[in-house]
Structures are given as C-alpha cells and as structure tokens.
Amino acid sequence: MKVFQSAILIAVVGILYSVNYLLEDMVNPYVIRVIVNCGIGMILAMSLNLVNGCAGQFSLGHAGFMAVGAYTSATLTTVLALSPFFKTDVGVGCAIVTGGVAAALAGYLVGLPSLRLKGDYLAIVTLGFGEIIRIIFLNIEDVGGARGLPGIPPRANFFWVYLWVVITFMALLRLLRSSYGRAILSVRENEIAAESMGVDISKYKIVAFVVSSFFAGIAGGLFAHFQSFIDPNSFVFNKSVEAVIMVVMGGMGSLSGAIFGGIIVTLLPELLRVFEQYRMVIFPLILIILMLVRPMGLFGHKEIWELFKKKASS
C-alpha cells in the first residue's frame with residue numbers, strides 16, 4: 001500500500017512539473033498568473049473551510065493569517081537573507097513553511113482567548129485580529145511599511161503552488177477522516193452533545209484554528225514569492241470576505257467544494273473584464289443566484305466523489 005501511495009505521489013509530482021514546463025514555454029504570462037492565483041485561492045479556501053465549514057466556527061480574519069505567512073517568509077528571503085541559501089528553491093520553500101508555522105502560532109494565540117465565543121462574537125474577534133495584523137505590518141518600516149516589501153525572490157510557480165494544493169487537500173482529508181476530524185465535525189453538529197460524549201471542545205477548536213492558520217500562512221508565502229512584492233493592502237478585510245465567499249459557494253464542510261469555490265471566485269472577475277463597467281454588479285448577482293439555487297453551496301457537506309456515488313447508486 002505504501003509503495004502504491006509513493007508511486008502516486010511521484011506521478012503527481014512528475015505531472016505537475018511537466019505541466020509547469022509546458023505552461024512557461026507555451027502559455028501567456030497573464031494566463032499563468034490567473035491559474036496560479038486560482039491555486040492560491042484553493043489553498044486559502046480549503047484552510048478556512050476547516051474552521052468555518054468543519055468546526056462550525058465563523059472566522060473573518062483569514063487575511064491576517066495569510067499576511068503573517070507572507071511577511072514571515074518574505075522577511076526571511078529579503079530582509080534577513082544572510083546567505084544565498086534563501087534565494088534557492090529549497091531556501092524559499094523552508095521560508096514558506098516557516099511562514100506557515102508563524103501563522104499557526106498566531107492561530108493558536110487567537111484561538112485560545114476565543115474559546116468561549118462563537119457565531120457573530122467570534123467573527124468580530126477574528127475580524128479585529130486581521131485588521132490589527134495589517135496595521136502592525138503597515139507601521140513596521142523594516143518590512144517596507146506602507147510602501148510595501150519589494151525584491152522578494154519569485155520562486156513560487158505553477159509547480160510549487162499546485163504541489164501545495166495537493167498537500168493541503170490530502171492533509172486535510174486525512175485529518176477529517178481521523179478521530180481528530182470526527183471530533184471537529186462533532187463540534188460543528190452540536191457542541192453540547194459532543195461535550196457530553198467526552199469531546200474536549202476547547203482542544204479541537206484550537207486544533208482547527210492552528211491547522212487552518214498554518215495552511216493560510218502557506219498560501220500567503222506562496223502569494224508573496226509569486227508576486228515578488230507585498231504590501232498591507234494585499235491583506236485587507238475584503239481578502240477575508242473573498243475567502244468566506246469561496247467556502248460558502250463551494251459548500252461548508254466540503255474540501256472539493258472549497259477547491260471549486262476558489263477557482264470560481266478567482267476566475268469570475270477575470271472573465272468579466274470584458275464588462276469592465278458592470279463586472280462588480282454581475283459578479284455579486286451571480287453569487288446571489290447561486291445561493292438562491294444552491295443555498296448549501298455547490299456540494300453542501302459532500303465531496304465530489306460522494307455525489308457521483310449517489311447518482312450511480314440511484
């Protein structure tokens with residue numbers, strides 16, 4: 001079984017590397033940028049889905065965790081780059097993972113005092129955290145302040161972004177299928193019933209926050225090393241709202257739904273550029289229609305393969 005899984009992993013890496021080579025050689029840079037941004041959106045949506053969709057909490061500060069990951073990894077590869085190692089692919093990869101760990105720590109610090117909160121109150125706390133983080137980076141001149149941080153090594157590409165899409169999907173899927181995942185889902189369904197059955201509500205809320213924040217930090221690091229420039233305006237409140245829309249559109253609790261939500265929310269504004277004056281009217285209108293037709297999102301709580309199985313059995 002392990003040999004089979006290793007073979008699949010090698011095949012996925014080979015496919016992603018081949019596609020990356022073909023894209024760089026044959027496809028317009030603008031199209032590549034849109035495709036890569038879709039991948040970053042997928043990671044962001046899947047990470048938020050763990051808290052909002054699976055744990056039943058409501059976070060509105062995901063852009064703050066993304067900012068922590070972006071600024072941590074960018075600082076390591078620019079401001080604190082004391083050796084050529086941090087200019088290489090491996091060095092940048094280590095910096096991005098470090099950004100994820102820093103975001104996970106921030107998630108722990110936010111999750112700890114928010115354990116007694118839920119619903120609107122938790123949303124307000126996380127919203128405040130996101131804005132506090134943005135203002136902090138806005139006032140730190142060593143990382144560019146309001147001017148932003150230029151000169152970030154542009155090492156993130158299609159291969160690295162979509163490799164992290166696969167890693168994020170597999171890691172969260174395995175988590176949700178484990179005993180930890182079932183405990184997190186029980187918190188969503190009924191906190192009182194879960195606690196009466198011996199589930200440590202506080203523990204699993206923190207686990208959800210920390211894991212979600214880690215992958216949001218990874219998305220931020222990839223964003224920074226793809227754009228080569230970041231500033232506090234890259235992580236405003238609208239970025240958090242965008243992530244929430246991705247999750248709600250795809251289906252609360254569905255990883256494959258979050259992937260489709262990330263693609264749609266990233267892609268639609270680009271496709272509507274031909275209607276430049278009206279695209280910010282058409283885009284919300286499409287969202288409203290989708291929510292009226294599919295109030296549970298595209299996939300609801302189900303994964304895409306579960307929907308196909310249901311159709312096949314009927």
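This is a predicted model: local features need pLDDT of at least 70, side-chain atom pairs count only at pLDDT 80 or more; totals for chains, interfaces and linings use all residues.

Student: What is the span of H9, and what would be expected?

Tutor: H9 runs over 27 residues and reaches 39 Å from its first C-alpha to its last, close to the 39 Å expected at 1.5 Å a residue.

Student: And how many of the H9 residues are buried?

Tutor: 22 of the 27 are buried, so H9 is largely enclosed by the rest of the structure.

Student: What happens just after H9?

Tutor: Serine 228 takes a positive phi of about 70° there, although serine 228 is not a glycine. Serine 228 belongs to the loop between H9 (201-227) and H10 (237-250).

Student: Why flag that?

Tutor: Because most residues other than glycine have a negative phi.

Student: New topic: what is the volume of the largest pocket?

Tutor: About 790 Å³. Its lining counts 30 residues, with Lys239, Glu242, Val265, Thr266 and Pro269 nearest the centre.

Student: Which helix gives the most to that lining?

Tutor: H2, with seven residues. H2 (29-54), H9, H10, H11 (255-271) and H12 (279-293) each supply at least two.

Student: How does the lining divide into nonpolar, polar and charged?

Tutor: There are 17 nonpolar, seven polar and six charged residues in the lining of the largest pocket.

Student: Are cysteine 38 and cysteine 54 buried or exposed?

Tutor: Cysteine 38 counts as buried at 6% relative accessibility, and cysteine 54 is buried with a relative accessible area of 1%.

Definitions and conventions
Residues are numbered from 1 along each chain as its sequence is written. Side-chain values use heavy atoms; hydrogens and water are left out. Helices (H or I, at least four residues) and strands (E, at least two) are DSSP runs, numbered from the N terminus. Buried means under 20% relative accessible area, exposed over 50%, partly exposed in between (1.4 Å probe, protein chains only). The expected span of a helix is 1.5 Å times one less than its number of residues. On a 1 Å grid over the protein atoms alone, a cavity is a set of points where a 1.4 Å probe fits but cannot get out, and a pocket is an open set with protein on both sides within 12 Å along at least five of seven lines; lining residues have an atom within 4 Å of a point. Grid points are joined across faces, edges and corners, and a volume is the space filled by probe spheres set on the points. Ala, Val, Leu, Ile, Met, Phe, Trp, Tyr, Cys and Pro count as nonpolar, Asp, Glu, Lys and Arg as charged, and the others, Gly among them, as polar.
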